[in-house]
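This report covers helix packing and one backbone torsion.

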Amino acid sequence: MFGVVGVMEATLLDVLDDWQWDSAWGWDFPAMAMTATRIGRPDLAVDALLTDTPRNTYSAVGHHPQFDSLLPLYNPANGGLLAAVSLMAAGWDSADTDTDCPGFPRDGGWQVQHEGFTVWP
């Protein structure tokens with residue numbers, strides 16, 4: 001048996017491999033990032049937020065449009081991005097308390113500083 005984390009990782013990897021990105025919604029990318037963060041895969045968290053697809057774009061003022069600007073402002077995606085980054089930076093109650101920024105890779109490629117984020121439950 002995989003256990004909960006193993007099942008979640010297998011599910012996330014399957015989604016990342018097989019998802020039809022042209023049918024994704026803007027909140028899908030932050031949801032994947034939060035899942036990856038909670039299962040200890042910060043590499044996948046960052047990859048999810050940076051997925052290069054028209055459904056994962058932001059305008060110069062930070063708005064997330066959907067459907068070729070039919071919806072010029074799509075708040076669930078904006079809120080999802082903010083939520084994902086806060087989880088990735090602050091962590092959560094049951095996370096390893098010695099690990100700051102658990103949602104960002106520790107391969108030397110990221111230097112993250114944050115302040116004011118609340119640890120998630």
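## Basis

This is a predicted model, in which local features need pLDDT of at least 70, side-chain atom pairs count only at pLDDT 80 or more, and totals for chains, interfaces and linings use all residues. Residues are numbered from 1 along each chain as its sequence is written, and side-chain values use heavy atoms, with hydrogens and water left out.

## Helices 2 and 3

Helices are DSSP runs (H or I, at least four residues), numbered from the N terminus. The axes of helix 2 (residues 28-38) and helix 3 (residues 42-49) cross at roughly 175° and come within 7 Å; axes are lines fitted to C-alpha atoms over the stretch in contact, with angles from 0 to 180 degrees between N-to-C directions. Helix 2 is therefore roughly antiparallel to helix 3 (angles over 145 degrees).

On helix 2 the contact (heavy atoms within 4.5 Å) is made by F29, P30, M32, A33, A36 and T37, and on helix 3 by P42, L44, A45, A48 and L49. These residues divide into 10 nonpolar, 1 polar and no charged. Ala, Val, Leu, Ile, Met, Phe, Trp, Tyr, Cys and Pro count as nonpolar, Asp, Glu, Lys and Arg as charged, and the others, Gly among them, as polar.

## C101

C101 lies in the segment after helix 4 (75-90). Its phi is positive, about 55°, although C101 is not a glycine. Most residues other than glycine have a negative phi. C101 counts as buried because its relative accessibility is 8%.

Conventions: Helix = DSSP H or I, 4+ residues; strand = E, 2+ residues; numbered from the N terminus. Buried < 20%, exposed > 50% of the residue type's maximum accessible area, 1.4 Å probe, protein only. Parallel < 35°, antiparallel > 145°, perpendicular 65-115°, else oblique.
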